[in-house]
Amino acid sequence: MFRFSRHSILGVCVSVVALIGATTYAYAMTLRTASTKAQARAVVLPALVIQKYSELTFHNAAPGAKAEVISPRSNGGAGGVKVVGYPNQAYTVFLPNLVNLTMPGRETGGTVKVTDFTSYPDLGMGLLGTGGQLENRLGATRNEIPRDLPSGAYVGDYTLTVAFP
């Protein structure tokens, strides 16, 4: 015959109740859950594109000529770029400080300095239009031409940077 003590019967009962309870809880949890699929989204803005449509061009001048200022609002000489990006996107314009114009193909010779760059609309932060475009015009000052500068066509590259956050 089997002999059961009060403690062993109690232990078996507790174990059985615990097992039944765990099974019932797991079954109930399975029946009471629901799930759905959702989406995570992000908008990647198009890269800003800068398209040059006119060069910054100073008038012909002789050695010793005084400085010439080209206004970004002038019809002649101002450089022009078109910025294309996301509609109403904030932007910042960065202009060069100094450009040295040199005669291509000549390793020696003088330079013509171009300084005081300005833009229209004014330099700084702004918003692209509702079409995602902005036209920016550039002006600058061509410093006085040195008296001993050889004659010829002088050119220099500069970088106009438009950035958005």
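Colleague: Which residues does Asn136 touch, not counting residues up to four places away in sequence?

Modeller: This is a predicted model. In it, Asn136 touches Tyr53, Gly79, Gly80, Val81, Val93, Ser119, Tyr120 and Pro121. Contact here means heavy atoms within 4.5 Å. Asn136 itself sits in strand S8.

Colleague: Why is Asn136 called buried?

Modeller: Its relative accessible area is 2%. Buried means under 20%. Asn136, at 2%, therefore counts as buried.

Colleague: What makes S1 and S3 a pair of strands?

Modeller: Two strands pair if there are at least two bridges between them. Strand S1, residues 49–54, is joined to S3 by five bridges. So S1 and S3 qualify as a pair. They run antiparallel. In this pairing, Gln51 stands opposite Lys82 of S3.

Colleague: How do you know that S3 pairs with S8?

Modeller: By the same test, at least two bridges. Six bridges join S3 to S8, so they pair. These strands also run antiparallel. Here Lys82 stands opposite Glu135 in S8.

Colleague: Which members of the largest nonpolar core touch the most other members?

Modeller: Val114 and Phe117, out of 25 residues. Strands S3 (79–84), S4 (90–94), S5 (98–101), S6 (112–120) and S8 (133–142) each supply at least two residues of this core. In soluble globular proteins, nonpolar side chains tend to be buried together.

Colleague: What does Phe117 touch, not counting residues up to four places away in sequence?

Modeller: Phe117 touches Leu56, Leu95, Pro96, Asn97, Val99, Gly139, Ala140 and Tyr158.

Colleague: What is the volume of the largest pocket, and which residues lie nearest its centre?

Modeller: The volume is about 540 Å³. The lining has 26 residues, and Phe58, Leu101, Ala153, Tyr154 and Val155 lie nearest the centre. S5 and S6 each supply at least two lining residues. The largest share, three residues, comes from S6.

Colleague: How does the lining of the largest pocket divide into nonpolar, polar and charged residues?

Modeller: It has 17 nonpolar, six polar and three charged residues.

Colleague: How much space lies in the second largest pocket, and which residues are closest to its centre?

Modeller: About 190 Å³. Of the 14 residues lining this second largest pocket, Lys52, Glu55, Val81, Tyr158 and Leu160 are closest to its centre. S1 and S3 are the elements that give two or more residues to that lining. By class, the lining of the second largest pocket has six nonpolar, five polar and three charged residues.

Definitions and conventions: Residues are numbered from 1 along each chain as its sequence is written. This is a predicted model: local features need pLDDT of at least 70, side-chain atom pairs count only at pLDDT 80 or more; totals for chains, interfaces and linings use all residues. Side-chain values use heavy atoms; hydrogens and water are left out. A nonpolar core is a set of buried Ala, Val, Leu, Ile, Met, Phe, Trp, Tyr and Cys residues joined through side-chain atoms within 4.5 Å. Buried means under 20% relative accessible area, exposed over 50%, partly exposed in between (1.4 Å probe, protein chains only). Helices (H or I, at least four residues) and strands (E, at least two) are DSSP runs, numbered from the N terminus. On a 1 Å grid over the protein atoms alone, a cavity is a set of points where a 1.4 Å probe fits but cannot get out, and a pocket is an open set with protein on both sides within 12 Å along at least five of seven lines; lining residues have an atom within 4 Å of a point. Grid points are joined across faces, edges and corners, and a volume is the space filled by probe spheres set on the points. Ala, Val, Leu, Ile, Met, Phe, Trp, Tyr, Cys and Pro count as nonpolar, Asp, Glu, Lys and Arg as charged, and the others, Gly among them, as polar.
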